[in-house]
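Thanks for coming. I have one structure to go through today, so let me put it on the screen.

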Amino acid sequence: MTDAILNATGVTMRFGGLTALNDVSFSLTEGEVIGLIGPNGAGKTTLFNCLTGLYSPTAGEVALRGKQLPEDPAKVTELGVARTFQNIRLFPSMTAEENVLVGRHCRMKQSPFSSLLHGPGFRRSEAEALTRSAELLEFVGLTRFSDELARNLPYGDQRRLEIARALATDPSVLLLDEPTAGMNAQETEATRRLILSIRELGVSVVVIEHDTKFIFTLCDRVLVLVQGELLVEGTPDEVRGDPRVVEAYLGAPPEEVEAQIHAGEQTP
Amino acid sequence: MLSTFLSQVVNGLILGSLIGLIALGYTMVYGIIQLINFAHGEIFMVGSYGGLAMFTYLLPTAIQNQWWFALPLLLIAGAAIAVVVAVLMERFAYRPLRNAPRLAPLITALGVSVALQEAVRVFYPNATAAVPFPKVFVEGTLAIPIGDGIVPIRYTGMLIIVVSLLLAFALNTFVNNSRMGRAMRATSQDRDVARLMGINPDRVIVLTFVLGAALAGVAGILYGADLGLININIGLQNGLFAFTAAVLGGIGNIKGAVAGGLVIGLVKTLGGQYLPGGTPYDYVWIFVVLIAVLVFRPQGFFGETERVRA
């Protein structure tokens, strides 16, 4: 707990009579990758929305480095939380490079006059941002698509572009909402390696994913969310063996699910 | 007659670039908040009257006659007053309705439009009739002999074309290659995600109104300087043309607004010259073109067939 970077305490989110999240607490350590799993409608994305200031929790609080998150998503991003989306939400009519440059927005300084007259301060800031986005596009392997409109990119590459755009905000916490949804085995493996190299940069990551094999081979810790409540928390091994997870999360006869989960272990 | 044709082309380009300058405000605001800001034409009119007031009541006579000094001052004053009115309008009329159904701000825009027009009529001295606008640029025309005729080009007309195209170019560069310009485009494509990129949408929306109003204010001064006479109806009339131009070019698109403006200018002057009915029918041809474009290419010249919105 000593070097926890993100702390959620008793986060509860109600929409009218529906309790989407009930008393969820967890913490994220620096350089850690946490997996967040649970059946559809368990509240995973709602939790992400609470962690990014899109929703302010009905009760409980979220703190980044001990400081409570502001209610304005723009300020949360500035403090260092970035995310991607389950249904890809790039800026479709901007190029890949421009999408990353938009991510750079809160780290850039340009005075109005300098940007109208293209003064030295403006040029320096644009050059810095362009260099950084070129680095990030290379990091996710999209350099060749730099001038392509985001909506024309192949599906898997759109997901990688979203990650590059999120990284452009210089986050200390990165939230990935189903980063491998719709990907084939190779793309999934590439994404796994990408997330590991993001961790190398010192960024802490929370990943929502349905692909249990992906989660268990990637994450340091796994949280299981069921009907808005944190059911189990532990290492992949602990979670995998927990009968409550098998029963509640997958809702299938235990033997079958066991087989499914362990099937993932054979391939590295 | 070649010279007649070319004269009308010149007139069309002058009118068209002025219309295009106003159309930029319609198209930008629509791009960001999907509001047809019907009060934008009145912002143009207010800019024109603002410049006039500045000239009449603030400028010492010695400066009034030095156009190279008075004109820049007037352009700045017109833009500044238009910006102030637009910012107040955004803050108090549109922002409270940000999440209301789209019809509400639209009706409000009509209301603001009437309010601004009436405010000028009631409070500006002698505004019930047309007011002479000061000569703040070189008067006269440059006559270019072509074939057996001449093509006259007003100096004020040249000023309009040069200033409008320069400003449109500057705006386009700003929107495409600057931090706030990208923030504007991002906000227009997906406001929620833009917020998650650290962009403050309120600031972007205000900036959009400011830029549009500044251009309209400049247009108001140029219009007065060219015609030498303004009245409180110029906003309604030119605003309607500019709105049509924005729709023709593809609303939400900056290049489209300028192209639409030029097309309207040319249709008006050439239609008035060559089509049956003459000048009294020139408005008709503008809207015939609008209808034709809406039938065959509803998204406008540069518009996208489908807007991807969350």
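In E9(A), which residue is the bridge partner of Ile37(A)? The answer is Val224(A). Before I go on, note that this is a predicted model.

That bridge belongs to a longer pairing. Strand E3 of chain A, residues 33-37, runs parallel to E9(A), and four bridges link the two.

Now the other neighbour. E10(A), residues 229-234, pairs with E9(A) in the antiparallel sense, over five bridges. Within E10(A), Glu233(A) is the residue opposite Leu223(A). E9(A) and E10(A) make a hairpin, with two residues between the strands. Gln227(A) sits in that turn and has a positive phi of about 45°.

Next, burial. Strand E9 of chain A covers residues 221-226, and six of the six are buried, so the strand is largely enclosed by the rest of the structure. For this count, buried means 20 or more other C-beta atoms within 10 Å of the residue's own. Both faces are covered. On one side the buried residues are Arg221(A), Leu223(A) and Leu225(A).

Last, chain B. An unreviewed UniProt entry annotates several spans there as "transmembrane region", including residues 12-36 and 69-91. In the model, residues 12-36 of chain B are 88% helix and 0% strand, with the end C-alpha atoms 25 Å apart. Residues 69-91 of chain B are 100% helix and 0% strand, and their end C-alpha atoms lie 33 Å apart.

That is what I have; questions are welcome.

Technical notes
Residues numbered from 1 in each chain as written. Chains lettered and ligands numbered in written order. Predicted model: local features only at pLDDT ≥ 70, side-chain atom pairs only at ≥ 80, totals over all residues. Buried ≥ 20, exposed ≤ 12 C-beta atoms within 10 Å, placed from the backbone. Pairing = 2+ DSSP bridges. UniProt positions renumbered as here; feature names shortened; annotations may be inferred.
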